[in-house]
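Colleague: Could you take me through how to read a few features of this model, beginning with the general idea each time?

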Amino acid sequence: MILETLSQSISTVLHNKKRLLKALLIPFLVTYCLRSMKVSVAGYELYSEILVVIFNIAIFLTSSMICLRTQQILDKHDTDDTVDVPWQWLKFDSQQRRYSGYLLVLFVLLQAIFLLIEADYKIATNGLVYSVMLVLSVVGWVIFSRLSFVLPAIASGKEASFKDAWAITKDKKLYAFVIAGLLPVAFYMLFIGLPILLLFANPNLAMGLKFIYIFIWGVIVIAIPFIIAAIEATAYRALMDKSKATEISNPA
């Protein structure tokens with residue numbers, strides 16, 4: 001069941017809290033600083049837009065590092081967390097570059113799906129066109145969710161590819177779609193969309209909490225990739241172990 005996967009994710013994160021802290025604190029701080037700097041230089045001038053692009057690339061790389069390290073640690077879930085481990089700095093080794101490359105491809109695919117959904121909403125002129133574009137969007141979303149499992153496979157130390165991710169999720173398409181397709185959307189809507197909606201509904205409160213909200217929002221935006229990576233790492237391990245946690249409904 002999905003709840004079992006979520007419960008196991010929380011348990012594994014808590015079991016590895018010291019190792020996660022020492023591996024992720026520096027990338028978290030660097031990512032937060034980069035986001036703050038990006039906000040401060042954002043504007044209409046050409047040089048500002050160029051700087052924003054540079055910051056976005058840097059943020060992508062540090063966020064990728066957070067995801068990889070999270071999945072590496074949670075893949076070794078039975079490691080003794082009481083053993084003293086060193087603090088980890090920024091490092092882009094071959095595994096990190098491979099992970100970031102696949103993450104970039106998935107990001108491009110995700111953007112293409114979003115553009116298709118947006119085009120469906122804006123330019124669909126009749127029911128048939130709307131239905132076809134909607135179906136294509138859903139199919140793309142399912143494909144994206146299945147291919148996403150290449151990331152925890154790479155984090156586990158394998159020379160994995162999209163073909164491997166496709167094979168892993170062959171018999172668990174719905175499970176993969178819920179874990180890597182629906183849950184990330186739910187988290188973004190809950191932790192980002194809902195607070196923004198509430199603050200827009202009360203502009204006075206929004207102005208009064210402006211700086212507090214900006215700080216909290218910045219932390220949440222960085223934390224969500226960590227949460228998604230942790231859940232996918234747990235789900236990947238369940239898929240590899242053929243665990244009953246991958247069953248959406250109770251087996252007969």
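Modeller: Let us begin with the salt bridge, which is a side-chain nitrogen of Lys or Arg within 4 Å of a carboxyl oxygen of Asp or Glu. This is a predicted model, in which local features need pLDDT of at least 70 and side-chain atom pairs count only at pLDDT 80 or more, while totals for chains, interfaces and linings use all residues. Residues are numbered from 1 along each chain as its sequence is written, and side-chain values use heavy atoms, with hydrogens and water left out.

Colleague: Which residue forms a salt bridge with Arg-98?

Modeller: Arg-98 pairs with Glu-159, the closest N and O atoms being 3.7 Å apart. The pair links distant parts of the chain, 61 residues apart, with Arg-98 in helix H4 and Glu-159 in the loop between helix H6 (150–155) and helix H7 (162–168); helices are DSSP runs (H or I, at least four residues), numbered from the N terminus.

Colleague: Is Glu-159 buried or exposed?

Modeller: Buried means under 20% relative accessible area, exposed over 50%, and partly exposed in between (1.4 Å probe, protein chains only). Glu-159 is exposed because its relative accessible area is 65%, whereas Arg-98, at 27%, counts as partly exposed.

Colleague: Where does Thr-246 lie?

Modeller: Thr-246 lies in the segment after helix H10 (210–240), and it counts as buried because its relative accessibility is 3%. Thr-246 and Ala-235 are 11 residues apart in sequence and 7.5 Å apart in space, C-alpha to C-alpha.

Technical notes. Helix = DSSP H or I, 4+ residues; strand = E, 2+ residues; numbered from the N terminus.
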